Amino acid sequence: ILDSVKQALLTDELKPGQRIPSETELMREFGVGRNSIREAMKMLQALGVVEVRRGDGTYVVDKPSLKNFQPLIFAMLLRINATKELVELRTMTEIGYCQLAGQCGTEEDFAAIRDAGAAWEAEVMKKKPDLNRVLQLDMQYHRAIIAATHNELVAMLAETVEEIFFQTIRQVHTQERVLRYGLEGHRRITESLSTRDPIRIYEAVTFSLEYWKSQFIKNEADKQTK
């Protein structure tokens, strides 16, 4: 039943906002009992694919939500110690969403990115920065870039990766030498976005990632040795 619903969505037989056939119709179509249909609908509801409107029936949701990414989130959490894989995934997504932000962002978006970057930098430059605040502001900076893509699906995927990644790198990311290096990295990314040049954006993101990535992998290797 789940595979059939997925196929119907892919082929546009089912569209966002469309009513799902009744239980009786689905029982006849699939040749199964009422309990099987209800269990399938519960699973689709939990995944954020359908919504039940009391007294009206079951409908395909109008637009995707974070629920649609829950299986992916749990799959990533189960692989959270796969350091190399997580770093590669984050590298791929950050380069991609930064280039898309450079392509689709408005001047207002770029101003918001500069403001978020300045707030993070101000906290980092304090004599005794609040490390929890540093991580929070860094995440806000990346969210500002993600918002500039103006793409809901990219935003949901990118924010999911960033959220898991930032929690995983907390120990390394708050080291002073990494933060100092990050200052230059953020500045380069912010400047490159307004050029809308995908090559310059790629170079800026790659520079930003390079140092802390080596520190992150080194830190994980040290933990395994211990």
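Valine 50 stands opposite valine 60, a residue of β2. In this predicted model, local features need pLDDT of at least 70 and side-chain atom pairs count only at pLDDT 80 or more, while totals for chains, interfaces and linings use all residues. Residues are numbered from 1 along each chain as its sequence is written, and side-chain values use heavy atoms, leaving out hydrogens and water.

Strand β1 (residues 50–53) runs antiparallel to β2, and four bridges join them; strands pair if DSSP finds at least two bridges between them. Strands (E, at least two residues) and helices (H or I, at least four) are DSSP runs, numbered from the N terminus. Three residues lie between the strands of this hairpin, where glycine 55 takes a positive phi near 80°.

In a regular strand, side chains alternate between the two faces of the sheet. Look at β2 (residues 57–60): Gly57 and Tyr59 point one way, Thr58 and Val60 the other, and all are buried. Buried means under 20% relative accessible area, exposed over 50%, and partly exposed in between (1.4 Å probe, protein chains only).

## Two nonpolar cores

A nonpolar core is a set of buried Ala, Val, Leu, Ile, Met, Phe, Trp, Tyr and Cys residues joined through side-chain atoms within 4.5 Å. The largest has 20 residues, and Cys98, Ile113, Ile145, Ile189, Leu193 and Val205 touch the most other members. A second, separate core of 12 residues includes Ala8, Ala40, Leu44 and Val60.

## A loop residue

Now find aspartate 197, in the loop between α10 and α11. Aspartate 197 is partly exposed, with a relative accessible area of 29%.
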